[in-house]
Amino acid sequence: MAADLHPVRIGSVQIPNNLALAPMAGTTDRVYRALCRRFGAGLTVTELVSARGLIFDRKMNRNWRYLAIDPDYPFESIQLFGSDPVDFTRAIERIAAHPILSSSRLIDLNMGCPVKKVVMTGAGCALMRQPDRAEQIIRAAVEAAHSVGKSVTVKFRSGWDEMSINAPDFARMCEAAGASAITIHARTRNQMYGGRADWSVISDVRRAVKIPVYGNGDVVDQTSALRMLRETGVDGLMIGRAAQGRPWLFSEIIQSLGGVPMMVAPDIDARMQIIKEHWHGLCDLLGEQKAMLEMRRHLSHYFQGASCASRLRQLAVAVQTEQDLLNVLEEWRVCQGKYCGNS
Ligand SMILES: Cc1cc2nc3c(=O)[nH]c(=O)nc-3n(C[C@H](O)[C@H](O)[C@H](O)COP(=O)(O)O)c2cc1C
């Protein structure tokens, strides 16, 4: 493997490479994570699930669509959010007792979610303003996870706002509390997803701890991937929005980092095939009706940058049946051919 591309050891787990798909609610379901892995993502993380919600979901049916992991791939991490240490202990016990979830070797703690309804409960990024509470949660999760052979990672932001950037101190606290790796999204809570990520905070966090650090925020292509690795010295990259509708981005980055890619910039037929697979996978996971609702959103990501993207998006939000879906894909092929645009 080339110097910029290398495995990452998180606790007792050796992740095959240093590229991770960021958890994204509404996008990174089991099917999409599997697609990204096929193109080279080493670490994938479920979208956030409430630790307390998981405890009370007796049959695990309400949360299953978010939690479903591939039992044959041990590098899928389960992400939990909450504000009470006891909830994390009990949620991890439930995960360990579940026939499929127990196969995951990693538990990720969400301490970066900026959404109002999450931070109002003292969870997500609100914990960056309560580092003592955050520490209790990490210690509780680490104890529960270690007792069942799992490691704990923490994902957080630069700080609450630009006046309170505390990511380096927060990182030190995570390490001291037993976290095996961290991810720093270099935006503040107040930035939400806007503005530019400040990568200097990532460099500061990298220098602050010895455990592996994943850098996150504004890695969008090969150039920015290489730049973040070299400028900040992080061990790994976590890629979010740029990978929506573009699972092959991981392959492109692997190639630019000197590795052997799976498939770079697939042509329109290969992309159509990928979308069809995505659709069939979602049908298996959710049933056809719910799968169609999810697929509409995924389609608009897949069509990003297409020469006739706005027309395709209009069609995508109206698809009702598999035949509608196939018709939109055909329309995509025709308009790509007509304009020879990029997609
Ligand atoms: C639609 C959406 C949903 C997200 N859901 C989660 C989530 O469930 N858990 C989490 O830790 N971060 C979540 N994030 C944040 C991403 O993981 C990532 O930190 C952020 O998008 C910045 O990375 P990027 O610039 O590569 O997109 C979400 C982001 C988006 C855009």
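**Salt bridges and helix packing in a predicted model**

Reader: In this predicted model, is Arg207 buried or exposed?

Author: The relative accessible area of Arg207 is 64%. Exposed residues are those over 50%, so Arg207 is classed as exposed.

Reader: Which residue does Arg207 meet in a salt bridge, and is that partner buried, exposed or partly exposed?

Author: The side chains of Arg207 and Asp204 meet with an N to O distance of 2.7 Å. The two residues are three apart in helix H8, which separates them by about one helical turn. The relative accessibility of Asp204 is 32%.

Reader: At what angle does helix H8 pack against helix H7?

Author: Asp204 is also one of the H8 residues that meet H7, alongside Val201, Val205 and Ala208. On the H7 side the contact is made by Ala167, Pro168, Ala171, Arg172 and Glu175. By class, this contact has six nonpolar, no polar and three charged residues. The axes of H7 (residues 167–176) and H8 (residues 199–208) lie 8 Å apart, at an angle of about 35°.

Reader: Which residue forms a salt bridge with Arg33 at 2.5 Å?

Author: Arg33 lies in helix H1 (residues 30–38), and its partner lies 43 residues away in strand E6 (residues 76–81), so the pair links distant parts of the chain. Both residues are buried. They also belong to a network of salt bridges that includes Arg37 and Asp70. The partner of Arg33 is Glu76.

Notes. Residues are numbered from 1 along each chain as its sequence is written. This is a predicted model: local features need pLDDT of at least 70, side-chain atom pairs count only at pLDDT 80 or more; totals for chains, interfaces and linings use all residues. Side-chain values use heavy atoms; hydrogens and water are left out. Axes are lines fitted to C-alpha atoms, for helices over the stretch in contact, and angles run from 0 to 180 degrees between N-to-C directions. Helices (H or I, at least four residues) and strands (E, at least two) are DSSP runs, numbered from the N terminus. Contact means heavy atoms within 4.5 Å. Ala, Val, Leu, Ile, Met, Phe, Trp, Tyr, Cys and Pro count as nonpolar, Asp, Glu, Lys and Arg as charged, and the others, Gly among them, as polar. A salt bridge is a side-chain nitrogen of Lys or Arg within 4 Å of a carboxyl oxygen of Asp or Glu. Buried means under 20% relative accessible area, exposed over 50%, partly exposed in between (1.4 Å probe, protein chains only).
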